[in-house]
Amino acid sequence: MIGGLFIYNHKGEVLISRVYRDDIGRNAVDAFRVNVIHARQQVRSPVTNIARTSFFHVKRSNIWLAAVTKQNVNAAMVFEFLYKMCDVMTAYFGKISEENIKNNFVLIYELLDEILDFGYPQNSETGALKTFITQQGIKGQTKEEQSQITSQVTGQIGWRREGIKYRRNELFLDVLESVNLLMSPQGQVLSAHVSGRVVMKSYLSGMPECKFGMNDKIVIDKQGKGGTTDDAGKSGKQSIAIDDCTFHQCVRLSKFDSERSISFIPPDGEYELMRYRTTKDIILPFRVIPLVREVGRTKLEVKVVIKSNFKPSLLAQKIEVRIPTPLNTSGVQVICMKGKAKYKASENAIVWKIKRMAGMKESQISAEIELLPTNDKKKWARPPISMNFEVPFAPSGLKVRYLKVFESKLNYSDHDVIKWVRYIGRSGIYETRC
Amino acid sequence: MTDSKYFTTTKKGEIFELKAELNSDKKEKKKEAVKKVIASMTVGKDVSALFPDVVNCMQTDNLELKKLVYLYLMNYAKSQPDMAIMAVNTFVKDCEDPNPLIRALAVRTMGCIRVDKITEYLCEPLRKCLKDEDPYVRKTAAVCVAKLHDINAQLVEDQGFLDTLKDLISDSNPMVVANAVAALSEIAESHPNSNLLDLNPQTINKLLTALNECTEWGQIFILDCLANYTPRDDRESQSICERVTPRLSHANSAVVLSAVKVLMKFMEMLPKDLDYYGTLLKKLAPPLVTLLSAEPELQYVALRNINLIVQKRPEILKHEMKVFFVKYNDPIYVKLEKLDIMIRLASQANIAQVLAELKEYATEVDVDFVRKAVRAIGRCAIKVEQSAERCVSTLLDLIQTKVNYVVQEAIVVIKDIFRKYPNKYESVIATLCENLDSLDEPEARAAMIWIVGEYAERIDNADELLESFLEGFHDESTQVQLQLLTAIVKLFLKKPTETQELVQQVLSLATQDSDNPDLRDRGYIYWRLLSTDPVAAKEVVLAEKPLISEETDLIEPTLLDELICHIGTLASVYHKPPSAFVEGSRGVQHKRLPARAGSGESAESPEVGQSGTSEAPPAVIPSQGDLLGDLLNLDLAPATTTVPSVQPSMQMGAMDLLGGGLDSLPGVSHRTEMQSPQPSSDYSERELGGDIGGSPSMGAALGAPAAMPAALSNAPAVGGGLGDLFDLGGGVGMPTGFYVAPKTLFLPAMKAKGLEISGTFARRGGIIQMDLSLTNKAMSVMTDFAIQFNRNSFGLAPAGPLQVLTPLTPNQTIDVSLPLGTTGPVMKMEPLNNLQVAVKNNIDVFYFSCQYPLSLLFVEDGKMERQVFLATWKDIPNDNEAQFQIKDVHLNSDAASNKLQGSNIFTIAKRTVDAQDMLYQSIKLTNGIWVLAEMRVQTGNPNYTLSIKCRAPEVSQFVYQCYELVLKN
């Protein structure tokens with residue numbers, strides 16, 4: 001299991017060092033600094049083995065978190081734990097920075113003592129941790145409160161405490177999708193997928209039992225068989241095929257496996273209910289058509305057309321097209337129909353920004369790039385043209401059908417809960433080769 | 001309020017000041033002081049001098065302060081053991097505190113203080129906490145048992161904590177169960193033979209129930225533990241799989257990977273024609289793909305694992321090629337791994353897409369990545385024959401870019417393509433020659449020289465080209481020197497008239513001016529060959545070479561199976577068995593995949609293995625039809641029987657060498673590389689294997705006699721002088737202590753249409769081998785040999801094809817070593833050690849049966865611990881004891897014990913009573929059965945008394961025979 005956990009700043013100075021196992025000595029702290037942080041080269045692997053000791057590291061801004069072990073540990077678990085550790089720290093004191101870590105080092109030690117015992121990760125849900133790891137001390141608690149804490153930390157519903165009350169029961173659902181595309185210069189889709197998340201913010205009293213439904217093809221087809229044919233025909237078109245999905249630990253997986261129904265008791269506040277991935281029938285919000293022509297050795301002509309491909313009534317926002325330029329560019333002239341375009345020498349790219357664009361429209365940019373003659377034999381790698389945008393719909397076609405809330409012990413029903421649903425589609429890695 | 005100020009006090013006399021502050025009356029000041037101490041400790045300052053003062057602050061009701069003091073204690077208690085005792089009282093008191101959080105904190109901290117005196121005091125509080133009413137305390141106590149075990153294992157056993165821990169598996173709280181499982185798994189790892197984690201269907205059921213309820217981390221502990229279980233049959237296996245599959249949708253990647261591990265392992269037991277088997281395969285793909293959208297570090301872990309899964313079961317991800325396409329922003333470690341998997345998934349169906357991608361990558365910036373992409377194009381050419389032409393033209397395009405490292409890499413892979421498709425793409429040689437001057441890396445130079453030598457007759461100025469290399473001969477790396485030597489000899493044999501001077505020059509450079517033994521020896525061998533018999537030299541050096549196989553970079557199957565059992569862990573990331581990077585005994589047991597249904601009775605526990613099979617009817621050799629069918633199957637497999645290739649035997653050699661104890665040496669971490677040579681790095685070695693019958697690879701062959709006959713048979717034309725060399729090798733190559741009986745006749749020529757087979761069995765460096773001599777006493781040539789075993793008592797089965805590489809001409813005898821595995825189907829035979837064999841050749845199928853010494857199955861790690869021995873001896877009912885007399889042995893007890901050890905019969909203890917030596921010995925069989933023996937040796941009496949105890953008494957008789965054999969020879 002994890003033998004020790006160290007946090008370093010960008011210079012390699014130790015900010016936090018907690019050793020859990022006897023086989024990890026102080027020299028491990030230095031070994032990582034010398035071999036990884038101070039090594040001049042790029043990181044070639046997130047797992048490093050130095051003298052039979054394995055180091056797992058992740059970096060957050062310029063802070064290094066490293067877990068150390070001498071055993072054959074579950075590597076996936078160690079990384080998951082490091083991410084979790086970052087989440088917990090962020091939930092307690094905001095951004096992970098040198099200053100914040102130094103300011104909260106006592107708290108961090110306390111957390112490390114709690115969430116990792118002898119190198120075995122323990123309950124690390126912030127909701128539960130916050131009930132008993134505070135910087136105020138816990139001496140004022142009654143016996144009932146104490147046992148409530150312990151039963152929550154160890155219990156089956158470790159992510160939610162009992163006795164939550166809201167005057168207004170409300171919940172927000174955000175369907176956040178990032179659409180990824182790799183297209184050939186000829187407009188052939190090389191790969192495309194949507195990775196989506198359903199993020200829920202719940203402000204509900206008691207221990208509500210929730211059920212979430214969406215236009216999942218498997219569910220709808222199943223219902224279609226037994227239900228009215230008319231309805232099935234209609235919804236059948238709109239359903240989507242989900243390649244795979246994963247859920248927050250509150251969701252009963254065995255129930256999903258057997259009935260494909262998503263039921264759970266949600267944590268309080270914001271959390272990620274599910275992640276999913278689709279690859280079929282994706283609505284690609286934009287199409288990029290590049291044309292690059294080399295005119296002699298010292299000039300390039302670039303023309304890029306973008307076409308929006310969604311309902312004209314919808315508006316895409318924050319559109320940005322990034323056209324890479326060769327390293328030996330000496331000057332650029334740009335003409336664009338819409339928005340603003342600028343050559344950014346430091347980034348070796350022409351950045352074209354458009355604030356808003358409605359569906360089924362088209363826009364164009366053309367540029368002339370002057371090149372310095374070089375002896376460099378190495379050809380320009382022609383990185384792909386990338387794009388960023390935000391659209392108010394889900395490119396996968398996912399629709400929330402319902403989210404039902406049941407709380408038998410308290411006197412509010414599904415109808416009393418105010419529900420909000422929002423769809424946002426963003427570009428992930430949206431690239432077209434040129 | 002910021003705490004960062006504590007980091008900045010670096011005045012002189014700081015310790016003194018802190019001391020004063022720690023003893024202050026004001027609580028706030030005390031706390032401040034302790035914080036400063038912890039901050040100093042973190043940055044590595046020695047603040048152990050403050051020990052008494054800090055411990056004094058322990059008695060407090062401020063929990064935050066208490067935790068800080070505990071943190072200090074954990075760090076320094078070991079250096080101040082006497083003073084640490086001061087803390088004991090507080091711990092004991094805290095363990096009685098009404099607040100469960102404080103009780104747990106105390107027990108958690110106490111376990112981290114590694115001071116013997118303190119551990120004694122820990123026992124009572126721990127016992128109470130293990131039965132605490134509060135689950136939070138119990139889950140902490142469960143882990144504490146593991147901590148204590150790490151400090152003092154004996155104490156934990158004596159105090160009975162292990163039993164209490166086992167009881168916690170039935171606890172009502174899922175988190176307690178999970179932690180108990182984690183603790184037990186860890187303890188069990190350091191006691192490989194104990195039945196600590198007594199996994200049976202009842203406990204498995206409990207674990208599966210807890211799996212649905214506990215935290216994500218707990219699920220990981222439980223799944224990792226489940227993976228160690230071997231279900232009784234395919235039905236149990238299926239029902240566990242069904243209950244584990246929902247975990248594939250968990251958001252935590254580690255839960256997903258651990259579930260994949262359980263499924264991959266248990267799937268082995270399911271019959272392939274089962275519907276569920278197909279369903280399960282389909283269910284595995286999506287979660288694996290989803291792992292690729294995790295954070296890059298996890299993607300890396302996932303990709304390393306997918307690499308294994310793709311090798312084990314290519315069908316799972318064969319349609320998912322696209323997701324492994326490299327993204328521009330992927331970190332380099334993700335890019336390199338994706339590339340590897342792309343090549344593994346490349347097939348005729350998707351090759352066009354893959355090639356287009358690879359060409360794209362070859363223009364990227366990162367040098368390593370570009371090189372790998374170029375290499376990948378070459379691998380595609382070798383793997384998918386239809387694409388070879390396109391690959392070659394892509395490579396030529398890349399050479400035109402003149403980017404130095406691209407050109408060099410391209411030349412290296414083109415050489416491999418030539419070796420796969422000889423005489424097909426020589427038209428490109430001219431282009432390659434143009435780039436001769438730009439090559440500065442040894443590998444590329446060597447590759448180019450090889451090409452020039454191989455196709456010397458078609459390159460007009462081959463002599464000039466090679467001569468130009470010769471000028472700086474001594475500055476070249478060994479690889480290039482060796483290649484140059486071979487190439488010039490080839491050239492000479494092809495164009496003897498013009499190149500006599502050149503060849504003399506290179507031979508004298510190699511033999512007289514070089515101090516490299518490999519180079520010198522190869523030089524001499526060529527020299528002698530050329531001077532004795534140029535015609536033979538031509539036959540040897542210019543012999544037709546084996547084609548390189550497409551999958552040379554695959555992980556060796558037994559290692560792959562072991563790594564599959566370690567999915568998700570570091571072993572799967574490094575692609576090395578845990579023993580390669582973990583110190584000590586922990587977790588070093590080799591894991592194995594369970595056997596498929598039907599042979600499931602090969603079994604872990606001896607009881608099942610024996611009683612299960614004893615009812616089976618005595619085996620008869622199945623009707624000819626059945627066996628023929630089986631043999632035909634054998635032919636369908638991509639066996640190397642028809643393609644003459646030295647490579648498998650070389651690999652055997654490498655394995656043998658490694659098996660021979662090298663594992664235990666620190667720093668041998670290149671196991672994987674050695675066993676799976678890359679196509680381009682090992683060509684010179686193999687090349688020579690083909691050229692001169694393997695003699696320069698003597699280094700590898702010395703420890704591996706198995707490789708010798710195969711290598712020999714590959715160069716039948718080599719006679720005379722070289723013969724001595726082989727004899728020499730054979731003589732040195734028998735270092736193991738295992739007694740090998742002389743070969744006996746298994747199959748007379750009369751019964752087998754002129755094929756005579758004699759043989760014996762041996763165990764060398766942990767590998768079981770069947771040494772066979774095949775003699776052709778008929779008039780016609782025999783080819784296409786294959787071998788198969790009938791089911792037998794211990795699941796012996798050939799681990800590789802029968803390496804008869806050349807046709808067996810009349811009156812010729814070939815010696816072959818067949819490696820055997822013990823994972824074949826099991827059926828009890830009468831007698832127990834009977835083996836029924838079928839050998840096929842181009843004439844017919846022949847059957848014979850033979851008996852092997854049981855010592856073949858005695859494994860190297862058969863040494864039991866003393867206590868375990870005692871307990872086991874008592875545990876086995878007296879009815880199972882058998883007594884034998886070994887007569888006429890003229891050895892004293894030590895010599896006997898040494899001799900037996902050579903055959904993996906280990907003496908654990910020796911007792912001398914009244915001039916009578918009692919030796920206590922243990923043996924472990926490949927199927928996990930333990931045999932215990934007591935041997936009484938009276939000084940001066942040549943007759944020994946042997947008592948054997950075993951849970952499976954049937955084997956005693958045969959164990960006795962082994963004793964006889966070993967002691968008398």
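In chain B, the side chains of B:Lys490 and B:Glu454 form a salt bridge, 2.9 Å from N to O. By salt bridge I mean a side-chain nitrogen of Lys or Arg within 4 Å of a carboxyl oxygen of Asp or Glu. B:Lys490 sits in helix H27 (residues 478-494) and B:Glu454 in helix H25 (residues 442-454), so the pair ties together parts that are 36 residues apart in sequence. Helices here are DSSP runs of H or I with at least four residues, strands are runs of E with at least two, and both are numbered from the N terminus. Both B:Lys490 and B:Glu454 are buried. Buried is under 20% relative accessible area, exposed is over 50%, and partly exposed is in between, with a 1.4 Å probe and protein chains only.

A word on the source: this is a predicted model, where local features need pLDDT of at least 70 and side-chain atom pairs count only at pLDDT 80 or more, while totals for chains, interfaces and linings use all residues. Residues are numbered from 1 along each chain as its sequence is written, chains are lettered from A and ligands numbered from 1 in the order in which they are written, and side-chain values use heavy atoms, leaving out hydrogens and water.

Next, B:Lys924 and B:Asp861, a salt bridge at 3.9 Å, N to O. B:Lys924 is in strand E11 (residues 916-924), and B:Asp861 is in the loop between strand E8 (845-851) and helix H41 (866-875), 63 residues away. B:Lys924 is buried, at 18% relative accessible area.

In chain A, the salt bridge of A:Arg293 with A:Glu301 has its closest N and O atoms 3.0 Å apart. Here A:Arg293 is partly exposed at 49%, and A:Glu301 is partly exposed at 26%. The whole structure has 74 salt bridges over all chains.

Now the nonpolar side. A nonpolar core is a set of buried Ala, Val, Leu, Ile, Met, Phe, Trp, Tyr and Cys residues joined through side-chain atoms within 4.5 Å. The largest has 286 residues, and A:Phe56, B:Tyr72, B:Leu317 and B:Phe418 touch the most other members. Helix H2 of chain A (residues 75-93) gives the largest share, 14 residues. Leaving out residues up to four places away in sequence, B:Leu317 touches residues including B:Ile306, B:Phe324 and B:Leu345; contact means heavy atoms within 4.5 Å.

Finally, chain B overall. It has 43 helices and 13 strands, and 60% of its 969 residues are buried. Of its contacts between residues at least 6 apart in sequence, 68% join residues at least 24 apart.
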